Amino acid sequence: MLDLKGVEVAFDGTVAVDGVDLSVADGDVLAVLGPSGCGKSTLLRAVAGLEPLRSGAIAWDGADLAGTPTHRRGFALMFQDGQLFDHLTVAGNVGYALRLQGESRTAVRAAVGDLLDLVGLGGYGDRLPRTLSGGERQRVALARSLAARPRLLLLDEPLSALDAGLRVRLAADLRRILTEAGTTALLVTHDQDEAFAVADRLAVMRGGRIVQEGATADVWSAPADAETALFLGYPRVLVGEAAEALLRLADRPVAREVAVRATAVVAAPSGPGAAGSGASGLVRAARLTPDGSRLVVDVDGIGELDAVGTAGWAPRAGERVVVRVEGHGIAPLGGAVPVGSGDVS
Ligand SMILES: Nc1ncnc2c1ncn2[C@@H]1O[C@H](COP(=O)(O)OP(=O)(O)OP(=O)(O)O)[C@@H](O)[C@H]1O
């Protein structure tokens with residue numbers, strides 16, 4: 001189990017990591033999610049033993065790692081570009097750490113075969129890295145990191161060099177692979193989808209500090225504050241009367257601040273036969289996507305909301321619509337709110 005207590009890292013007096021407390025239980029995958037420059041790579045490097053701490057402590061199973069150099073920590077690091085050895089085959093790359101550990105040829109061959117199967121690259125052993133796609137290279141890098149049987153795998157934006165579609169597929173694979181291998185992992189990323197797809201637990205980092213931590217789904221459904229909600233991809237946070245009106249429409253207890261995802265607000269054509277109860281609104285902007293239309297609707301009594309259109313319907317700006325608000329995808333926020341409505345997005 002990894003334990004960080006009051007970890008602080010500074011560069012020339014500028015604090016990059018500011019009093020971080022975190023734990024990763026055996027077999028868990030924790031994602032530290034934060035915007036560029038928040039200090040997450042520095043935090044990861046500190047855990048690896050590559051940055052000295054100004055204060056605080058990092059421990060494994062209760063033993064302080066302060067005097068343990070990087071190569072003795074038993075941790076593996078994997079970066080966004082994988083950094084394979086270009087002159088070695090896939091099998092040569094994956095088996096590298098095992099050969100260094102003095103394992104026999106037969107043992108290395110068997111372990112490499114198992115690892116390549118695990119990452120879905122069985123039969124790729126003789127290929128050279130330059131003949132692989134970006135996603136395949138990242139899988140090889142992952143197999144190579146796992147080969148050393150690290151007690152902790154440290155992943156720095158492992159999928160961000162890949163294109164969007166591949167990133168989604170590989171995120172699901174990465175989760176399966178880490179779970180099957182029973183790996184304890186600490187992942188840092190700025191990509192909400194990657195964190196959500198891969199991690200059991202999520203820590204949101206801002207300005208060098210952890211501002212919220214918990215089970216991934218809990219953090220998602222109950223962000224600590226407006227800034228966290230916006231960072232997690234809620235497009236709007238409503239305050240005051242707008243928040244109360246929206247929550248009444250959703251049939252939820254009233255609060256003074258609420259974060260709203262577009263998928264929680266469903267617009268349908270207005271006019272005779274408009275389905276059920278809802279609020280009336282005017283489409284301000286409309287854009288078609290492969291998953292249906294994305295709208296900005298000025299809803300009477302609430303103001304502008306991001307919304308989705310019902311399937312198979314392409315509304316235009318200026319059209320009147322009826323919106324209903326669904327219970328999922330809205331998150332009342334707890335903090336004290338200055339009264340004086342409007343959205344802060
Ligand atoms: N070696 C260094 N010397 C001086 N300042 C540094 C050094 N490394 C990082 N920093 C500073 O520390 C802060 C945190 O950097 P870090 O790389 O940890 O952020 P990050 O959240 O990983 O960002 P990104 O997602 O862009 O990589 C930044 O302000 C950065 O400029």
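**Entry 1: Gly 303**

I began with the neighbours of Gly 303 and, leaving aside residues within four places in sequence, I found Gly 303 in contact with Val 297 and Asp 298, where contact means heavy atoms within 4.5 Å. Before going on I noted that this is a predicted model, in which local features need pLDDT of at least 70, side-chain atom pairs count only at pLDDT 80 or more, and totals for chains, interfaces and linings use all residues. I also noted that residues are numbered from 1 along each chain as its sequence is written, and that side-chain values use heavy atoms, with hydrogens and water left out.

Gly 303 has its place in strand E16; helices (H or I, at least four residues) and strands (E, at least two) are DSSP runs numbered from the N terminus. Is Gly 303 buried or exposed? Gly 303 counts as buried because its relative accessibility is 19%, and the cut-offs are under 20% relative accessible area for buried, over 50% for exposed and partly exposed in between, with a 1.4 Å probe and protein chains only. I then looked up Ala 245, which is 58 residues from Gly 303 in sequence and 9.9 Å from Gly 303 in space, C-alpha to C-alpha.

**Entry 2: helix H10**

Within helix H10 I picked out Glu 244, which counts as buried because its relative accessibility is 17%. Apart from its neighbours within four places in sequence, Glu 244 is in contact with Val 254, Ala 255 and Arg 256.

**Entry 3: positive phi values**

I kept in mind that most residues other than glycine have a negative phi. Just after H10, Asp 251 takes a positive phi of about 65 degrees. Asp 61, which is not a glycine, has a positive phi of about 45 degrees and sits in the loop between strand E4 (55-60) and strand E5 (63-64). Asp 61 is exposed, since its relative accessible area is 54%. For Arg 149 I noted a positive phi near 50 degrees, again in a residue other than glycine, and a place in the loop between H5 and strand E7 (152-156). Arg 149 is exposed, with a relative accessible area of 57%.

**Entry 4: helices H5 and H6**

Two packed helices are described by the angle between their axes and the distance between the axes. How do the axes of H5 and H6 cross? I read that helix H5 (residues 134-147) and helix H6 (residues 164-181) have axes that come within 11 Å and cross at roughly 20 degrees, the axes being lines fitted to C-alpha atoms, for helices over the stretch in contact, with angles from 0 to 180 degrees between N-to-C directions. That angle makes H5 roughly parallel to H6, because angles under 35 degrees count as roughly parallel, over 145 as roughly antiparallel, 65 to 115 as roughly perpendicular and the rest as oblique.

On the H5 side the contact is made by Gly 135, Gln 138, Arg 139, Leu 142 and Leu 146, and on the H6 side by Leu 166, Leu 170, Asp 173, Leu 174 and Ile 177. I sorted these residues into 6 nonpolar, 2 polar and 2 charged, where Ala, Val, Leu, Ile, Met, Phe, Trp, Tyr, Cys and Pro count as nonpolar, Asp, Glu, Lys and Arg as charged, and the others, Gly among them, as polar.

Leu 121 lies in the loop between helix H4 (105-118) and H5, and counts as buried because its relative accessibility is 3%. Leu 121 and Arg 139 are 18 residues apart in sequence and 7.8 Å apart in space, C-alpha to C-alpha. Leaving aside neighbours within four places in sequence, I found Leu 121 in contact with Leu 116, Glu 136, Arg 139 and Val 140.

Not counting residues up to four places away in sequence, Thr 42 touches Val 9, Phe 11, Ala 16, Val 17 and Glu 51.

**Entry 5: the chain**

The chain has 10 helices and 19 strands, and 46% of its 345 residues count as buried.
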